[in-house]
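Morning, everyone. I'd like to walk you through one structure today, so please have a look at it as I talk.

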Amino acid sequence: MSILAMYEGGQWHCPARVLTHLDDIKTVLAKQGVELNQLSTPLAADSAELINQCAALIVAKGLPAPQVSRMDERDGVPGYAEVPTQLTAQEVTRSAGKWLLLCAGQARLCVGEAGGAAGRASVLAFHVGDLLWLPAGMEWALVPAPSRSCRWLSLASDEAALNDSEAEQSKLSELQLLDI
């Protein structure tokens with residue numbers, strides 16, 4: 001099920017709205033410069049085929065095909081541990097403009113405006129097959145579900161765009177993470 005919790009006006013402890021319809025979620029994210037697409041599942045097991053599927057979808061939208069990719073992985077906290085309700089400052093980075101495809105696991109993807117002082121932030125239930133564009137300058141963090149390992153593919157136009165920068169003093173670290 002698609003879920004998007006939206007935080008507004010710097011009120012990071014309680015979402016202003018929660019959306020559950022995919023079309024509504026895509027519309028709201030598009031207003032922030034984020035594009036959400038979905039590949040059909042199950043995903044291809046071969047990484048080259050997976051990259052080709054992503055590139056075909058991106059090019060079909062009239063956008064330039066990504067030239068480089070990198071696979072990343074992160075484990076969620078153990079199921080017996082207390083699930084964190086806030087991001088740590090180290091988890092938040094600033095995008096250089098890239099695509100993310102969740103290949104395995106389940107996660108919450110937090111996105112927000114740079115600085116985020118009086119802006120907006122969102123938490124998306126990120127599922128296998130979700131392909132998301134993060135524009136340059138957007139702050140983001142990926143939080144794997146408890147007891148789950150997440151694997152995602154980053155795609156970009158060049159090697160530099162795969163390397164996010166630190167988001168110093170990001171307001172996203174104050175965001176209350178819902179268990180979605």
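Start with helix H1, residues 22-31. Helix H1 lies across S3 and S9. Against S3, the helix runs at about 145°. Keep in mind that this is a predicted model.

S3 covers 35-38, and S9 covers residues 130-134. They run antiparallel, joined by four bridges. Take Glu35 as an example: its bridge partner in S9 is Trp133.

Five strands make up an open sheet, and the order is S3-S9-S6-S11-S4. The pairing is antiparallel. Which strands sit at the edges? Strand S3 and strand S4, the latter at 68-75; each pairs on one side only. On average, neighbouring strands are turned by 25° against each other, direction ignored.

On to the pockets. The largest holds about 210 Å³ of space. By type, the lining splits into five nonpolar, two polar and six charged residues.

The second largest pocket has a volume of about 160 Å³. How does its lining divide? Eight residues are nonpolar, two polar and one charged. Among the lining residues are Leu63, Pro64, Trp99 and Leu155. Glu35 and Trp133 line this pocket too.

Note on methods
Residues are numbered from 1 along each chain as its sequence is written. This is a predicted model: local features need pLDDT of at least 70, side-chain atom pairs count only at pLDDT 80 or more; totals for chains, interfaces and linings use all residues. Side-chain values use heavy atoms; hydrogens and water are left out. Two strands pair if DSSP finds at least two bridges between them. Helices (H or I, at least four residues) and strands (E, at least two) are DSSP runs, numbered from the N terminus. Axes are lines fitted to C-alpha atoms, for helices over the stretch in contact, and angles run from 0 to 180 degrees between N-to-C directions. Contact means heavy atoms within 4.5 Å. On a 1 Å grid over the protein atoms alone, a cavity is a set of points where a 1.4 Å probe fits but cannot get out, and a pocket is an open set with protein on both sides within 12 Å along at least five of seven lines; lining residues have an atom within 4 Å of a point. Grid points are joined across faces, edges and corners, and a volume is the space filled by probe spheres set on the points. Ala, Val, Leu, Ile, Met, Phe, Trp, Tyr, Cys and Pro count as nonpolar, Asp, Glu, Lys and Arg as charged, and the others, Gly among them, as polar.
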